[in-house]
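Below are notes on the pockets of this model, as requested. Please read them with the structure open.

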Amino acid sequence: MKDEGIERRIQQETRAQAKQIVAVHHDLHRHPELAFHEDRTARVVAAHLRALGLDVRTGIGGTGVTTTIVGRANGPTVALRADMDALPITEQTALPYCSTVPGAMHACGHDGHTAILIGVAAVLVTLGEALPGSVKLIFQPAEEPVSGAQELCAAGVLSSPEVKAIVALHGWPGLPLGAIDATPGPQMASADTFTITLTGRGGHGAMPHLTVDPIVVGAQVVSALQCIASRAVSPLAPVVVSVTSFQAGEAYNVIPEEAYLRGTVRTLDPALRATIPEHLRRVAEGTAAAYGATAALEYRESCPVMVNDAGVAAAIREAAVPMLGAANVRDDGEPSMGAEDFSLYLERVPGALLRLGLGDTAPLHNPRFDFPDAAIPIGIELLCRVALRLLQ
Ligand SMILES: [Zn+2]
Ligand SMILES: [Zn+2]
């Protein structure tokens with residue numbers, strides 16, 4: 001099969017599969033499962049893959065599923081990854097396939113990603129030897145807490161066979177349907193978390209001079225932390241330091257002994273990321289000391305900066321242009337300060353995350369978010385073409 005022949009075949013097979021895969025998406029949407037509890041989802045994925053005659057591995061890093069579509073022998077292997085988990089949100093759409101689970105919803109479109117990757121399997125198995133190598137499909141649990149990728153990498157999903165490149169897709173509201181974005185460089189932020197424990201001296205609310213009030217100290221620390229982004233780091237380098245939780249005290253008339261600040265740190269630069277804990281420690285300890293209190297910082301690195309490889313991003317765009325037209329293939333995406341644990345794969349092998357246009361739907365993580373049916377076949381055909389391009 002010549003290139004043009006194989007691309008036409010991908011297009012025809014995608015059209016033939018589209019209706020069934022849209023139905024798979026609706027089914028997954030009705031049955032959302034939170035991180036590391038994707039048991040039904042993993043069963044549905046494995047059943048579809050086995051029905052295609054594929055060898056399937058399950059239970060990887062919890063509920064992960066993998067399979068490899070073997071084409072021409074001795075060819076390279078590339079990987080495609082979909083995430084499977086839902087969010088703790090109660091759905092507020094009026095969709096006929098609305099979530100049936102109170103307090104859980106596929107509001108990040110991972111049901112769409114999973115269905116698309118099942119569709120990719122269904123199309124690629126029809127290519128046989130015309131596929132110039134092998135394509136490993138990775139269905140990952142627990143992207144939302146940015147911990148599933150860690151489990152899967154530790155389980156060795158990128159080896160045996162060795163993966164040469166990896167691509168993932170994420171639905172992107174606001175990007176028109178039929179458009180994609182594959183921008184090289186840092187595209188998603190690192191995400192770390194911290195807890196600052198402030199210890200003062202508790203006492204009577206009416207006699208504050210006999211106490212060291214950790215709540216007043218905490219208020220000063222929250223304000224002082226804003227100076228990391230505005231005064232300690234170059235204005236040209238994006239950094240977010242957000243205190244998202246402030247807990248202390250239980251009574252109207254008691255000044256507590258301790259206060260707890262929790263929050264998140266985001267950057268787009270690995271070197272800058274490494275400097276932030278020291279800033280946090282200095283500001284917290286110094287501010288607390290000024291009021292006679294003490295501060296203890298606990299800092300947890302969670303997810304690195306997601307850096308799209310320039311070569312893989314270019315290959316995605318080359319694969320997309322004949323399908324979508326040059327005007328719909330973007331390379332000027334604005335980085336997001338959101339995080340994506342796909343970054344952990346990209347620390348190990350070259351790869352890129354492409355944004356798939358979802359058009360005018362509600363934002364990600366919104367209770368009215370909807371992954372439109374029309375994006376499903378676009379995602380399938382595109383990922384098949386991208387895999388082909390990377391194998392060539
Ligand atoms: Zn999300
Ligand atoms: Zn997501």
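1. The largest pocket lies between domain 1 (3-188 + 305-391) and domain 2 (190-303), because both give residues to its lining. The domain bounds come from an automatic or database domain assignment. The model is predicted: local features need pLDDT of at least 70, side-chain atom pairs count only at pLDDT 80 or more, and totals for chains, interfaces and linings use all residues. Residues are numbered from 1 along each chain as its sequence is written, and side-chain values use heavy atoms, with hydrogens and water left out.

2. The volume of the largest pocket is about 300 Å³. Its lining has 18 residues, of which Glu143, Glu144, Val146, Arg266 and Ala339 are the closest to the centre. A pocket here is an open set of points on a 1 Å grid over the protein atoms alone, where a 1.4 Å probe fits, with protein on both sides within 12 Å along at least five of seven lines; lining residues have an atom within 4 Å of a point. Volume is the space filled by probe spheres set on the points, which are joined across faces, edges and corners.

3. Strand 5 (165-172), strand 8 (190-199) and strand 12 (258-267) each give two or more residues to the lining of the largest pocket. Strand 8 gives the largest share, three residues. Strands are DSSP runs (E, at least two residues), numbered from the N terminus.

4. The second largest pocket holds about 170 Å³ of space. Among its lining residues are Asp55, Arg57, Lys136 and Pro161. Strand 2 gives the largest share of this lining, three residues.

Definitions and conventions: Chains are lettered from A and ligands numbered from 1 in the order in which they are written. Helices (H or I, at least four residues) and strands (E, at least two) are DSSP runs, numbered from the N terminus.
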